[in-house]
Amino acid sequence: MDWLGLVLAGLSAVLLVVLPRIRRGSAAKLRTIPGLTRLYRAFGLSVEDGSRLLLALGGPSLLTRNGGSALAGLALLREVSQKASVSDRPPVAVAGDSALALLAQDTLHAGYREVGAAEYYQPVTGRLVGLTAFSSTAATMPILDDEQVSVAALIGHFGVEAGLLSEAAERSNVLLTGATGDPAGQAVLYATASEALIGEELFAAPAYFSGRPIPAAGLAVQDALRWLVIIGLLSAVVLRVLGIL
Amino acid sequence: MRVLAIVLAVLSGFVVLAGYFVPTFTEIQIVLLNWAIILAGAATIVGVFNLILVHADRIHKREKGGTYSGILLIALFAAFLLGLVLGPGHADMRRLVNAVVVPAETSLMALLAVSLIYGSVRLLARRPDLMSVVFLATAVLMLLASATLPFGQASALNDFIRPWIQHVLALGGARGLLIGVALGTLVTGLRVLVGADRPYEGA
């Protein structure tokens, strides 16, 4: 039995449930991430001026280990759909995997219903655009220009093909914020996107768009786990130097 | 009904997670994962209907790019019919894929190379800071170390600097990023498991 994994997962789950209750009523203090600040501001402006936000969730199946980053994209989509539900041009979510596209539709629908605007929900705003990385990228590029998009966010698993979307966004004068779990994709987005989120910043996006305590508690748990990993790594180095390990 | 969906999703998630740590749950974990694979296959069919609906809507509303949507639908139905008649493993079907899909994706890859060069050139104009300079300098160093120069290969670059950047700086950085992403994935997955995020409660 893998006790370490079980304890880590169990502890994280307990903290996720307990922390929001402890912190109820007090606003979470989040460090400034310039990319997310700019995305949030641009999103607000897009709702005001009646242009559209495009959220791309990437292509990996949720059954693979890369599916976690798409879940962060779905959590952001939930927040965005609530805030932009009555906008002239509602947000569009695109995915490169069928199950992910269905979840995007469900998430959009749930967001609209939560703010009492279920009648404004349009099923075609959650879309499957392709079944391979390049085909879904190629199908997403024209949406930037054709559907009056002013802000785009890539939150999910993207490889180097994200560079094509960045270039298309620049041509269409769209602010593109990119975040991916793939290191090669991150390098490409750093060089080409208007804003790039690095590493675990990808998972912070829902907390910055939400006033709810649960996403912020998720970040606190993530930070606690990161400190555990740092302590573990440093301890291993010391033990190795001392010849114990 | 919605509560039942949440309870089923949370319970299935916990059983699958427990299967990784407690051997008793491994068998039921495999069964649940097999069901998930079948559901993902069914989702592909629903996804294709969604694709048809979106493009039919564009044609119906005479939106910009409607012609391309028409071409896409014709190609989709033609490929579907051919697949039904010949079977997906038939040599002509494979030839069709090799003659259309593979070259189109390869062309996009080539286009990406040009986009990346353009993006790198524009990087300093867009984000004029120290990290951008370091990023570009590293990229140029790695290119010089990999390329065959007119006077032969730059041995110091190729033998020492490139391996050091690749195996120390880049590998260390990539591992750090991957650890961060793994922790984020764990917490995001657990948020879905404890029912804090519910991407499945729309309909």
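The contact between the two chains takes 60 residues from chain A and 56 residues from chain B. Two residues are in contact if their C-beta atoms, placed from the backbone, lie within 7 Å. This is a predicted model: local features need pLDDT of at least 70, side-chain atom pairs count only at pLDDT 80 or more, and totals for chains, interfaces and linings use all residues. Residues are numbered from 1 along each chain as its sequence is written, while chains are lettered from A and ligands numbered from 1 in the order in which they are written.

**Where the chains meet**

- On chain B, α1 (2-21), α2 (26-60), α4 (91-126) and α6 (155-193) each supply at least two residues of the side that touches chain A.
- Helices (H or I, at least four residues) and strands (E, at least two) are DSSP runs, numbered from the N terminus.
- α6(B) gives the largest share of that side, with 17 residues.
- Sorted by class, the side of chain B that touches chain A has 36 nonpolar, 13 polar and seven charged residues.
- Ala, Val, Leu, Ile, Met, Phe, Trp, Tyr, Cys and Pro count as nonpolar; Asp, Glu, Lys and Arg count as charged; the others, Gly among them, count as polar.

**One helix pair across the contact**

- Two packed helices are described by the angle between their axes and the distance between the axes.
- Helix α7 (residues 183-192) of chain A packs against α4(B) at an angle of about 55°, and their axes are 7 Å apart.
- Therefore α7(A) is oblique to α4(B).
- Angles under 35 degrees count as roughly parallel, over 145 as roughly antiparallel, 65 to 115 as roughly perpendicular and the rest as oblique.
- Axes are lines fitted to C-alpha atoms, for helices over the stretch in contact, and angles run from 0 to 180 degrees between N-to-C directions.
- From α7(A), the contact uses V188(A), A191(A) and T192(A); from α4(B), it uses S115(B), L116(B), G119(B), S120(B) and L123(B).
- This contact of α7(A) with α4(B) has four nonpolar, four polar and no charged residues.

**The sheet of chain A**

- Chain A has nine helices and six strands.
- An open sheet of six strands runs in the order β3-β2-β1-β4-β5-β6 (chain A), with parallel pairing.
- Two strands pair if DSSP finds at least two bridges between them.
- β3 (126-128) and β6 (195-197) of chain A are the edge strands, and each pairs on one side only.
- On average, neighbouring strands of this sheet are turned by 15° against each other, direction ignored.
- Strand β5 (residues 175-180) of chain A pairs with β6(A) in the parallel sense over three bridges.
- T177(A) has E195(A) in β6(A) as its bridge partner.
- Helix α3 (residues 67-83) of chain A packs on the sheet and touches β1 (52-58), β2 (92-95), β4 (149-157) and β5 of chain A. The direction of α3(A) makes about 160° with that of β1(A).
- α7(A) also packs on the sheet, where it touches β5 and β6 of chain A. The direction of α7(A) makes about 160° with that of β5(A).

**A closer look at β2(A)**

- β1(A) and β2(A) pair in the parallel sense over three bridges.
- L54(A) has V92(A) in β2(A) as its bridge partner.
- In a regular strand the side chains alternate between the two faces of the sheet.
- Both faces of β2(A) are covered: V92(A) and V94(A) are buried on one side, A93(A) and A95(A) on the other.
- A residue is buried if 20 or more other C-beta atoms lie within 10 Å of its own, exposed if 12 or fewer, and partly exposed in between, with C-beta atoms placed from the backbone.

**Overall build of chain A**

- Of its 245 residues, 57% count as buried in chain A.

**Overall build of chain B**

- Chain B has six helices and zero strands.
- Its radius of gyration is 25 Å, well over the 17 Å from the globule rule for 203 residues, so chain B is more spread out than a compact globule.
- Buried residues make up 16% of the 203 residues in chain B.
- V101(B) lies in helix α4 of chain B. V101(B) is partly exposed, with 14 other C-beta atoms within 10 Å.

Note on methods. Rg over C-alpha atoms; globule rule 2.2 N^0.38 Å.
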